[in-house]
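Welcome, and thanks for taking a look at this one with me.

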Amino acid sequence: MRHSSEIQDPGTAGTSPHHLSGELHVTGQSRFVVDEPRPAGMLFVKVLASPHAHARIVSIDVEKAAKSPGVAAVLTHRDIPGENQIGHVVQDEPLLPAEVVTYAGQPVALVAAASEQAAAAAVRLIEVGYRELEPVLTVEAALKNNLLYAPERRIERGDVDGALAQAAHLLEGTVASGGQEHFYLETQACRAVPGEDREIILYSATQSTAEVQEVAARVLGLESKDITVDVRRLGGAFGGKERAATLWACLAALACHATRKPVELRLERIEDMAWTGKRHPFESRYQAGFDRDGRITAYAVELNANGGAYTDLSMAILERAMLHADNAYFIPNVRIVAHACRTNLPPNTAFRGFGAPQGIFVIERVMERIARVLGKDPLEIRALNAYRHDQLTPYGQLVEEACHPELFDQLRRASQYEKLRGDVAAFNKEHDRLKRGLGVVPVKFGISFTTAFLNQGSALLWVYNDGTASLSHGGVEMGQEVNTKVAQVAATELGIALERIRVESANTKRVGNASPTAASTGSDLNGQAALDAARQVKARLLPVAAALLKARHSIKANEHHLVFAHNEVYDEKHPAQKLAFTEVVREAYVSQVPLGAHGFYRTAEVHFDRGQGVGHPFHYFVFGCALVLMEVDLVSGNGRAVAAHIVHETARSLNPAIDRGQIAGAFVQGLGWATFEQVVHDAKGRYLAVTPSTYKIPTIRDLPETLAIEMVERPRKHASVFGSKGIGEPPLIYGEAAWFAIKDAIESLCGHKQDSQLQFPATPEAVLLAVEELKK
Amino acid sequence: MPDAIRTMHITFFLNDRKVSAEVLPGESALRLLRERFGLTGTKQGCNEGDCGACTVAIGDWEDGGRKWSYKAYTSCLVPAARLHGRHVITIEGLAVAGALHPIQQAFLDHHATQCGFCTPGCIMSLFCLFSRTPSPSPQQIAEALEGNLCRCTGYEAIRDAGRSVAERVKLEAGDIAGRIVPAYCDGVAKQLAGFDQPVGYAEVKSDGDGCLAYHAPVSLDELFALLWKIGDCADYRIVNGGTDVMVDANVKGARFKHLVDVTRLPGLRYVRADGPNVAIGANTTLADILDDGTVAANLPLLRATAARMASAQVRNAATLAGNLATASPIGDAAMALLALNATLVLATKMGERTIPVEKFYKGYRQTELCAHELITAIEVPAQTGAWDFQKSAKRAAVDISSVSSAMVARLDGKTVAEIRIACGGVAPTPVLLTTTMALLQGKQVKGTLVEQAAQAAAAEVAPISDVRGSKEFRGALVRNHVVKHLSTLS
């Protein structure tokens, strides 16, 4: 059978058809949770959140609130019919705390009322008495008090201490990286609608349909069969709706259960930013030894994550940080230890990159310092240390198809690196107020959930007898266009036009037990599952088509030579005699051949032993590198991205336009994190930058005029559906190059002789501070 | 007990049809569009004008009825009542007869939409730009979109989509230029040309939050009579652009008894040369300042300042007078007007008085404005000599200042004959750096004087630490700003 993915119809795998919801998006017709028509009698939920980061609840009085006009219910922990527990991986998080609040912004009570205004007014009438307790806010304080979510994790190889002792050069230092607010444009939201017989349907803005279903059932004292979760699309998520959406969905479910009315809970932006968890800030320590050429020989690093008030996904995030502590570099002797700290901040959670950017930042800092110490070019040092084919990671996975030396060469050519260095030096000589600098960061990103069992996907395909199809899969559409890609896969396999396929909402009734749409695996797992489903249907259509060709055209068709393409079916030996796909489907239907299929996929070869710190946690790696040219204004401290060159290996992209959009979007998001996105809290653990007027994400003005993206589309042995690779997270790390570029610009003031103490992120304040230090 | 609310019956054009609605005082246009008209293409992203997801086009007769134009507004900051007699185009109104609008088509073709949540707002911002400037420059496209946050695309595809439309207009491909403004708009503009239908009022019971009454007087006499009737200053808030008041109402839970909209007062939106001065009416928006030829010719400092303030959508609503009256220590316009030694015209029922801007601020968020008084005009001496404006904020574009400062100076040969430097973000109010100014007066700007002036400036201010920066950082910025200002004199 000929591989139909090689047929480049518009819409097939490898082409760039329009966004499946594109027309709806550009005309304003696409619906997000709160855009759906409101069911009659719908109530609105508003939440009372703790003003304290750590306090004992002395009393809760809801009497006045309950009597407020329009109020249907005021609910506290006392009103939870099931288990007051929303933890998933680790069950340590109450839905509504009974005794102690552990972060500012933690929901304590909620009101369901006839209007948002009535609910908000009633919330202010709830009286909660607190006795404040001392909050723990920093990694340092948590470590001192041994507030850890799990015992120290460790990955170790070789004789680290011996190699450090013998190294020609030794470096040590501390590195801190900051939090980041997700700032998905659609805030957390859920609509809960009562069905018959105790059933509740949750239209939740979540990346994790199965988790919301399971946890909501537990909280309400119901079973999974009683809860349906349905997600049409999210207005951005970036990890912020992987775990964090569960809380809000469960609160909506609780209000619905209590009132038996449809309810809507939607966070205002200020609530969302003040109350929800963010990217984990990390504080790390390292020692590194290297030889006279700049080759790293030993690396000991301690990674410490500020986990916030509940475990959430902190352990998995910490694990990914550890598994990326090497980034793209072969390090013979290495020891990675890590701690996830319990603090009284909102539970920090998944955010694009999931710990990898934080782990990578430390080793990149080391590479930069090695270059400074030896007076060598940072790109050269990075290329020198990059993995070669078939070297082993610290955790024992072979890095097959390693390609960094070539990617670095390509980056040099693309950016005209040597000339650019010269131009930057000349610019800095001519300008006093403005200084330019270059930053280079490579990426080697492991694709798979490191919790191995999550690496499974399901899809449900129905081919209707008019030749169109309904496709459900476990992935949640959140702008990454998993729906477009998965539909392309099914369309390619069935040889039908993309327009013939409708991708349905993610719904627990059609696809149960779905893994979160996360870890850059959405298109891999669900695409493979859809491929499996399409293959099953196709396999059943083959004999039908062969029989039809024989009856209609007297062709003795060989099932192995049948081609499904252009909405037609034919034998490749007799291409002139074609059947319409619809004809074949109708014939199959009347012949009582099933036209539906459940597709399934599991990533077979991944495993990881956490105790030993060894295994094969990743299906494959994604490789790439980036160079960023930043210009720093020494008056204001502002950095400006002048140019960025990105070389990113996509293998055989399912949709180059989507992948390019993911690279550009992730890069700019990473640039924001590394430069001016700053999460700050006061001494009492309350977030201060809780509106977009104080927390700044990049605008169109922050896009560099030159953003040159080269996608390396070579075939790979280790890749996923139709030879493609995951794309969502890895390019975020390129944003770190902006930080290094700013640092490079600052250090031009001292002829690159000193290592400036630039903080992360490189805000204008951090820049001016570093400049002043350097001048001392 | 709940108070009574005065609702308004308003009439306006919504896309291709004439509509009426009962609106609540303080209710935003965003809420009206989504909840009453079911037009959910307009999204709520932040409810404070900072994300642009709720951007709509509002068409109005400007220049005293001479020019019909569409401008982009963040509908969360537009009081719904203000739509009366105007034309609102939402994302749903762009595709006519099932054919995508050229900008919509470009977004589709360039993959400029990912999650789709910011998309309608981005497209509406571009629509307004293209409706006024058929073939905008890349710079103008960026300016139009700087108030639209997108967290998915990184903006590359959005930028390219915008540029592609501009290119196609230039090439006159497929009658693009003729398809920018929907055909129904002509008819709407004509019908609104002589629109004089009054707003209807009714009373309903309040169900909790919200404002109680919204007033839009159409003469100063009516305004003053109204304020007299309200009496207590604590019971009303003047709304001009609404970019502060609506944030208070939407996000900070402020509950005003009376919102007094002054934008329908006639004759307050102008810029004119007036002898040695430029007179600017109180209802002149920041966008007007940027568009005005008299300002460009005579007040380049003010123009440069306005260009660094807010986003395109907010500049279309926000006024210069409002920026002064809100009395924020980081309201950038104050720095320019302090440096320019502007004078404010304040009016009450009793008559007018004038006051130099430097006497206007009394304390944090406190001004010289007396009961029932409002700013009606700003008189600014036309600029001569050197000037400089510096604004430092965490994000270079569309951010509120950590520190902003402005300098105006006149040299006599190489000697400073006159110099004024104003600085914001360093004290409870915008301030003049009088010690520094005195230090520089009559001297040549060279050698160690620059550093002395920088130190003097840092010494005469007392910034605080907050979310926009530490006091040390602000001190460093003041020094840097002064050095930069003075570099234009040597």
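Predicted model: local features only at pLDDT ≥ 70, side-chain atom pairs only at ≥ 80, totals over all residues.

1. From H17(B), the residues Val450(B), Ala453(B), Ala454(B), Gln455(B), Ala457(B) and Ala458(B) meet Gly475(B), Val478(B), Arg479(B), Val482(B), Val483(B) and Leu486(B) of H18(B). Sorted by class, this contact has 9 nonpolar, 2 polar and 1 charged residues.

2. Another helix pair of chain B is worth a visit. Helix H4(B), residues 138-145, packs with helix H5(B), residues 156-170, at an angle of about 130 degrees, and their axes are 10 Å apart. H4(B) and H5(B) are therefore oblique to each other, and their crossing is right-handed. On the H4(B) side you will find Pro138(B), Ile141(B) and Leu145(B), which meet Ile158(B), Arg159(B), Gly162(B), Arg163(B) and Ala166(B) of H5(B). The residues of this contact divide into 5 nonpolar, 1 polar and 2 charged.

3. Is Thr7(B) buried or exposed? Thr7(B) has 20 other C-beta atoms within 10 Å, so it counts as buried. You can find Thr7(B) in strand E1(B), which covers residues 4-14. Leaving aside residues up to four places away in sequence, Thr7(B) touches Glu22(B), Val23(B), Leu24(B), Ala202(B) and Val204(B). Its C-alpha atom is also 9.3 Å from that of Ala81(B), a residue 74 places away along the chain.

4. Staying in chain B, have a look at a hairpin. Strands E10(B) (residues 271-274) and E11(B) (residues 277-281) run antiparallel and are joined by 4 bridges. Val271(B) has Ile280(B) in E11(B) as its bridge partner. There are 2 residues between the strands of this hairpin, and Gly275(B) takes a positive phi near 60 degrees.

5. Now over to chain A, where an open sheet of 4 strands with mixed pairing has the order E21-E20-E19-E26. Its edge strands are E21(A) (501-503) and E26(A) (596-602), each of which pairs on one side only. Ignoring direction, neighbouring strands of the sheet are turned by 20 degrees against each other on average. Strand E19(A), residues 456-463, pairs with E26(A) in the antiparallel sense over 7 bridges. Opposite Trp462(A) stands Gly596(A) in E26(A).

6. What packs on this sheet? Helix H14(A), residues 482-494, does, touching E19(A), E20(A) (469-473) and E21(A). The direction of H14(A) makes about 145 degrees with that of E21(A).

7. Finally, here is how the two chains meet. The contact involves 68 residues of chain A and 63 residues of chain B. On the chain A side, helices H1 (22-27), H3 (116-123), H8 (269-275), H17 (656-674) and H19 (764-775) each supply at least two residues. Which helix gives the largest share of that side? The largest share, 8 residues, comes from H17(A). By class, the side of chain A that touches chain B has 29 nonpolar, 27 polar and 12 charged residues.

How values were computed. Residues numbered from 1 in each chain as written. Chains lettered and ligands numbered in written order. Axes fitted to C-alpha atoms, helices over the stretch in contact; angles between N-to-C directions. Parallel < 35°, antiparallel > 145°, perpendicular 65-115°, else oblique. Left-handed = near helix turned anticlockwise from the far one by under 90°. Contact = placed C-beta atoms within 7 Å. Nonpolar A, V, L, I, M, F, W, Y, C, P; charged D, E, K, R; others polar. Pairing = 2+ DSSP bridges. Buried ≥ 20, exposed ≤ 12 C-beta atoms within 10 Å, placed from the backbone.
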